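Dear colleague,

I am passing on the structure below, and I would be glad if you looked at it before reading my notes.

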Amino acid sequence: MFQFRALRAFLADESGAVTVDWVVLTATIVGLGLAVIGTLGSAFAPNAQNIGTELQEYTIDTTF
């Protein structure tokens with residue numbers, strides 16, 4: 001009987017529940033971000049290459 005009461009008290013205790021919520025929420029956001037990057041990453045690759053080429057060819061004039 002004591003074990004049943006202890007288990008019931010443990011299940012009813014809500015301390016730490018916010019932490020669990022944030023962990024689940026954060027994991028979901030990270031997972032969705034990775035899914036979007038995995039799905040759209042190949043579509044953005046040519047643009048990223050063009051931007052990289054432009055940045056490499058860009059010169060900065062430091063004279064006044």
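Helix 2 has a kink of about 60°, and this kink is centred on glycine 41; please keep in mind as you read that the model is a predicted one.

The chain as a whole holds two helices and zero strands. Its radius of gyration is 26 Å, well over the 11 Å that the globule rule gives for 64 residues, so the chain is more spread out than a compact globule. Along its principal axes, the C-alpha trace spans about 80 × 35 × 10 Å, and 0% of the 64 residues count as buried.

As for the surface, the chain exposes about 6,300 Å², of which carbon and sulfur atoms supply 68%. Val18, Trp22, Leu25 and Ile29 make a nonpolar surface patch of about 460 Å². One of these residues, tryptophan 22, is found in helix 2, which covers residues 17–57. Is tryptophan 22 buried or exposed? With a relative accessible area of 55%, tryptophan 22 counts as exposed, because the cut-off for that word is over 50%.

Note on methods. Residues numbered from 1 in each chain as written. Predicted model: local features only at pLDDT ≥ 70, side-chain atom pairs only at ≥ 80, totals over all residues. Heavy atoms only, no water. Helix = DSSP H or I, 4+ residues; strand = E, 2+ residues; numbered from the N terminus. Rg over C-alpha atoms; globule rule 2.2 N^0.38 Å. Buried < 20%, exposed > 50% of the residue type's maximum accessible area, 1.4 Å probe, protein only. Areas by Shrake-Rupley, 256 points an atom, 1.4 Å probe, with all protein chains shown as cover. Patch = residues over 30% accessible without salt bridge, like charges linked within 9 Å, V, L, I, M, F, W, Y side chains within 5 Å. Salt bridge = Lys/Arg side-chain N within 4 Å of Asp/Glu carboxyl O. Bend = angle between axes of the 7 residues up to and from the residue.
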